[in-house]
Each structure stands twice: as C-alpha cells, then as structure tokens.
Amino acid sequence: MNSELIEDISILITEDESELREYLREYLQIFFKKVYVAKCGHEGYIQYLEKRPDIILSDINMPNLDGLSMVKRIRERDTETDIIIMSAHSEQEKLLQAIELGLVTYLIKPINSQKLKDVLLNLVDKLRASKKRIYLSQEIFWDKTSSTLWNSEKQISLKEKELMLFKLLCSKTNHAFTAENIFYHLYGEGEKEFSEYSITSFIKRLRAKLPENLIQNEYGLGYKIVLK
C-alpha cells in the first residue's frame with residue numbers, strides 16, 4: 001500500500017465515547033478519504049443504510065442500540081460488509097456472541113494504533129482484490145454483489161430493463177453485444193418482434209445516467225462498456 005489517501009474504500013466508526021470517537025476519526029482520515037462516524041448503534045445503523053460503508057469499526061457497549069444488536073441487524077440483510085468490533089476485556093461474553101456474526105477481527109481497548117492500521121490496510125487490499133466493484137469513473141461504480149449502481153454514496157436508480165441491460169454489458173466489459181443479443185436478453189425469444197429502435201432508446205436512457213462515452217457503439221458489432 002502506498003501513502004496516497006484511500007478513495008475507493010469507505011469506513012464507518014460507531015463509538016459513543018466522544019474522545020475516542022474523535023481520535024479514531026482524525027487518525028483514520030490520515031488514510032481514508034471517506035470516514036463516517038456515529039455516536040450509538042442506532043445512529044450507526046442509519047449511517048450504514050445511507051452510506052453503505054465497506055468497513056465498520058464498532059464498539060460493543062453503546063446507548064440506544066448496542067454494537068452487538070447493530071451488527072445483528074446488519075447481518076440480517078448483509079453478510080458481506082467487513083466488521084471489526086472494539087471491546088473491553090470485561091465484555092468477553094458479548095465478544096463471543098459477536099464473533100459468531102462473521103467479524104473480520106476484534107480489537108481490545110485501549111486500541112493499538114499500529115495494529116488498527118495494519119488490520120485496516122490489509123482489509124483494503126482484500127477488498128480491492130475481491131473486485132466486488134467495477135469502477136466506471138472515480139465516483140461511479142457497479143456493485144456486483146448487490147447488482148446496484150452508485151455515484152459515491154448515492155445509489156443510481158435503474159428501471160428493471162435498464163438494470164438487465166447494464167448487468168449484461170458489465171458481465172463482459174470491453175466486449176460488444178449486438179442489438180439482437182441485447183433485445184433477446186431483455187425480452188426472451190419469441191415474446192416480441194425484434195426492434196433495433198427499442199434498444200437504441202434503452203441505450204440512450206442508460207447513457208444519460210453514466211459517465212460520458214462509457215457505453216460505446218462499435219460499428220457493425222454492437223454496444224459495449226469500455227473500461228481503460
């Protein structure tokens with residue numbers, strides 16, 4: 001890992017102790033561009049839903065909704081997000097419960113900064129290697145796990161057929177799909193009579209939501225997503 005600010009991986013800190021929370025925020029902003037914070041488990045869960053962080057760093061004991069309950073809620077809908085729990089030695093029983101929820105690891109307070117850094121940078125390498133995301137520009141990416149399109153922290157809404165078309169193009173980037181390929185992928189064989197106009201209309205609407213020149217028409221071959 002080099003010393004450049006990490007822009008493609010985001011992290012959420014959920015910690016009720018204000019001094020530790022601010023220390024963690026300042027420390028992690030040395031490495032990450034996108035660092036979000038929450039003061040309790042309830043606020044942490046709301047931030048998770050809104051920001052969809054790649055990594056969550058959470059305390060166990062917090063007001064409103066404790067860290068263990070927050071992680072359980074997240075795991076009900078998401079088994080992929082990497083979660084690290086911070087715990088005091090006196091919280092061993094809760095820690096054992098948390099481990100069953102698929103944590104990356106746990107850190108015992110007081111937090112060792114070097115150990116935290118090592119764990120997080122290793123996670124960044126793992127996340128990048130897993131290629132869950134296809135970056136279409138610096139801010140816009142396709143999340144393969146959830147089949148959703150994002151512009152930074154905001155999801156880009158796609159209608160059903162637009163989503164089917166985009167998934168097809170993303171399944172083999174830099175490969176051209178003919179209008180016929182796309183049409184029968186969207187409508188199935190024999191359901192409708194082939195219409196090239198309907199495909200150009202879909203492509204036009206999809207292009208309006210994407211970086212310029214991302215979808216290109218290769219003459220005589222078809223449409224493709226071009227990634228450099």
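**Close-up 1. Helix 7 meets helix 8 in this predicted model.** Here helix 7 (residues 179-187) packs on helix 8 (residues 196-207), with about 85° between the two and 9 Å between their axes. Angles of 65 to 115 degrees count as roughly perpendicular, so helix 7 is roughly perpendicular to helix 8. On the helix 7 side, look for A179, I182, F183, L186 and Y187; helix 8 brings E196, S198, I199 and F202 to the contact. By class, the residues of this contact are seven nonpolar, one polar and one charged.

**Close-up 2. Helix 6 packs against helix 7.** In this view, helix 6 (residues 160-171) and helix 7 have their axes 10 Å apart, at an angle of about 130°. That angle makes helix 6 oblique to helix 7. The crossing of helix 6 past helix 7 is right-handed. K161, M164, L165 and L168 of helix 6 make the contact with I182, H185, L186 and Y187 of helix 7. Six nonpolar residues, one polar and one charged make up this contact.

**Close-up 3. A look into the largest pocket.** The largest pocket holds about 720 Å³ of space. Its lining is formed by 34 residues, and D54, K132, R133, F141 and D143 are the closest to the pocket centre. Two or more lining residues come from each of helix 2 (41-51), helix 5 (113-130), strand 6 (133-135), strand 7 (140-143) and strand 8 (148-151). Sorted by class, the lining has 17 charged, eight polar and nine nonpolar residues.

Notes: Residues are numbered from 1 along each chain as its sequence is written. This is a predicted model: local features need pLDDT of at least 70, side-chain atom pairs count only at pLDDT 80 or more; totals for chains, interfaces and linings use all residues. Side-chain values use heavy atoms; hydrogens and water are left out. On a 1 Å grid over the protein atoms alone, a cavity is a set of points where a 1.4 Å probe fits but cannot get out, and a pocket is an open set with protein on both sides within 12 Å along at least five of seven lines; lining residues have an atom within 4 Å of a point. Grid points are joined across faces, edges and corners, and a volume is the space filled by probe spheres set on the points. Helices (H or I, at least four residues) and strands (E, at least two) are DSSP runs, numbered from the N terminus. Ala, Val, Leu, Ile, Met, Phe, Trp, Tyr, Cys and Pro count as nonpolar, Asp, Glu, Lys and Arg as charged, and the others, Gly among them, as polar. Axes are lines fitted to C-alpha atoms, for helices over the stretch in contact, and angles run from 0 to 180 degrees between N-to-C directions. Angles under 35 degrees count as roughly parallel, over 145 as roughly antiparallel, 65 to 115 as roughly perpendicular and the rest as oblique. Contact means heavy atoms within 4.5 Å. A crossing is left-handed if the near helix is turned anticlockwise from the far one by less than a right angle, and right-handed if clockwise.
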